[in-house]
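Subject: Structure handover

Hi,

Here is the structure for you to pick up. Please load it first, then read the notes below alongside it.

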Amino acid sequence: MNEPNSLPSVPLADSIDRAIQKIGHMIAWVYVILVLVIITQVILRKGFSNGLIVLEELEWHLYALGVMFGLSYAQTTNSHIRVDLFYSSFRSKTKYIIEILGILLLVLPFISVIFIHSLDFVADSYRIDEHSESPSGLPYRWLVKSAMPASMLLLGIAVVSRLYRDTVLLFKGDNA
């Protein structure tokens, strides 16, 4: 891999990352739909003075899907935000140790808490058949809420893949 944000190759982690990236590419199409919905809403609102609540809510839902599932894509491509003030000057071994500790002490606990609590959130929404408070809004709010545990599960898989990659590279002896 020669891209600037690429990581050294570890076959199992590479396979997992490629699968997650394929899912990310499919989910990215929600942004195309989002743009079309926004354009339609603007035309209706500005051209005909008649916006639709259902389109406004659909915008929020599509944006949420793109962001939530985009987290795992960013993790697998190493394109997430990082503070490189000191990190960029560290040796590879030090970077792997920092990544491993960050994943074990910060990222995985955070993902676990969000995942566990989002299951109840979705179940309650489904149980009460939650829908928009607006009469013309979207039904089945539990459906969009289910993106939370699904995206956290996918992010968890991506993070475990990164943990595996960094652990393998730490003990491989590639400490340039």
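Start with R165: at 1% relative accessibility, this residue counts as buried. Please keep in mind that the model is predicted.

**Salt bridges**

How many salt bridges are found in the whole structure? The search gives seven.

The R165 pair comes first. R165 forms a salt bridge with D14, and the closest N and O atoms are 2.9 Å apart. D14 sits in helix α1 (residues 11-27) and R165 in helix α6 (residues 147-172), so the bridge ties together parts that are 151 residues apart in sequence. D14 has a relative accessibility of 7%, so it counts as buried. The cut-off for buried is under 20%.

Next is R45 with E56. Their closest N and O atoms are 3.4 Å apart, and the pair forms a salt bridge. R45 is in helix α2 (residues 29-48) and E56 in helix α3 (residues 53-76). The two residues are 11 apart, and the pair links distant parts of the chain. R45 has a relative accessibility of 41% and counts as partly exposed. E56 is partly exposed, with a relative accessible area of 26%.

Then R162 with D166. Their side chains meet in a salt bridge, at 2.9 Å from N to O. The two are four residues apart in helix α6, so about one helical turn separates them. R162 is buried, at 5% relative accessible area. D166 counts as buried, at 1% relative accessibility.

**α4 against α6**

Now the helix packing. The axes of helix α4 (residues 92-127) and α6 come within 9 Å. They cross at roughly 160°. Angles over 145 degrees count as roughly antiparallel. That is why α4 and α6 are described as roughly antiparallel to each other. Their crossing is left-handed. By class, the contact of α4 with α6 has 23 nonpolar, three polar and four charged residues.

S118 is a residue to look at in α4. Is S118 buried or exposed? At 2% relative accessibility, S118 counts as buried. Leaving out residues up to four places away in sequence, S118 touches M148 and P149.

**α3 against α6**

α3 and α6 pack at an angle of about 5°, and their axes are 8 Å apart. That angle makes α3 roughly parallel to α6. From α3, the contact takes in L65, M68, F69, L71, S72, Q75 and T76. From α6, it takes in A147, M148, A150, S151, M152, L154, L155, A158, V159 and R162. The contact of α3 with α6 divides by class into 12 nonpolar, four polar and one charged residues.

F69 lies in helix α3. It is buried, with a relative accessible area of 13%. Which residues does F69 touch, not counting those up to four places away in sequence? They are I27, A147, A150, S151 and L154. For a distance check, take F69 and L169. They are 100 residues apart along the chain, and their C-alpha atoms are separated by 27 Å.

**α1 against α3**

The last pair is α1 with α3. Their axes are 9 Å apart, and the packing angle is about 150°. Again, the cut-off for roughly antiparallel is over 145 degrees. α1 and α3 are therefore roughly antiparallel to each other. The crossing of α1 past α3 is left-handed. On the α1 side, the contact is made by D17, I20, Q21, G24, H25 and I27. On the α3 side, it is made by L65, G66, F69, S72, Y73 and T76. By class, the residues of the contact of α1 with α3 are five nonpolar, six polar and one charged.

R162 takes part in the α3 and α6 contact, and in the bridge to D166.

Best wishes

Methods
Residues are numbered from 1 along each chain as its sequence is written. This is a predicted model: local features need pLDDT of at least 70, side-chain atom pairs count only at pLDDT 80 or more; totals for chains, interfaces and linings use all residues. Side-chain values use heavy atoms; hydrogens and water are left out. A salt bridge is a side-chain nitrogen of Lys or Arg within 4 Å of a carboxyl oxygen of Asp or Glu. Buried means under 20% relative accessible area, exposed over 50%, partly exposed in between (1.4 Å probe, protein chains only). Axes are lines fitted to C-alpha atoms, for helices over the stretch in contact, and angles run from 0 to 180 degrees between N-to-C directions. Angles under 35 degrees count as roughly parallel, over 145 as roughly antiparallel, 65 to 115 as roughly perpendicular and the rest as oblique. A crossing is left-handed if the near helix is turned anticlockwise from the far one by less than a right angle, and right-handed if clockwise. Ala, Val, Leu, Ile, Met, Phe, Trp, Tyr, Cys and Pro count as nonpolar, Asp, Glu, Lys and Arg as charged, and the others, Gly among them, as polar. Contact means heavy atoms within 4.5 Å.
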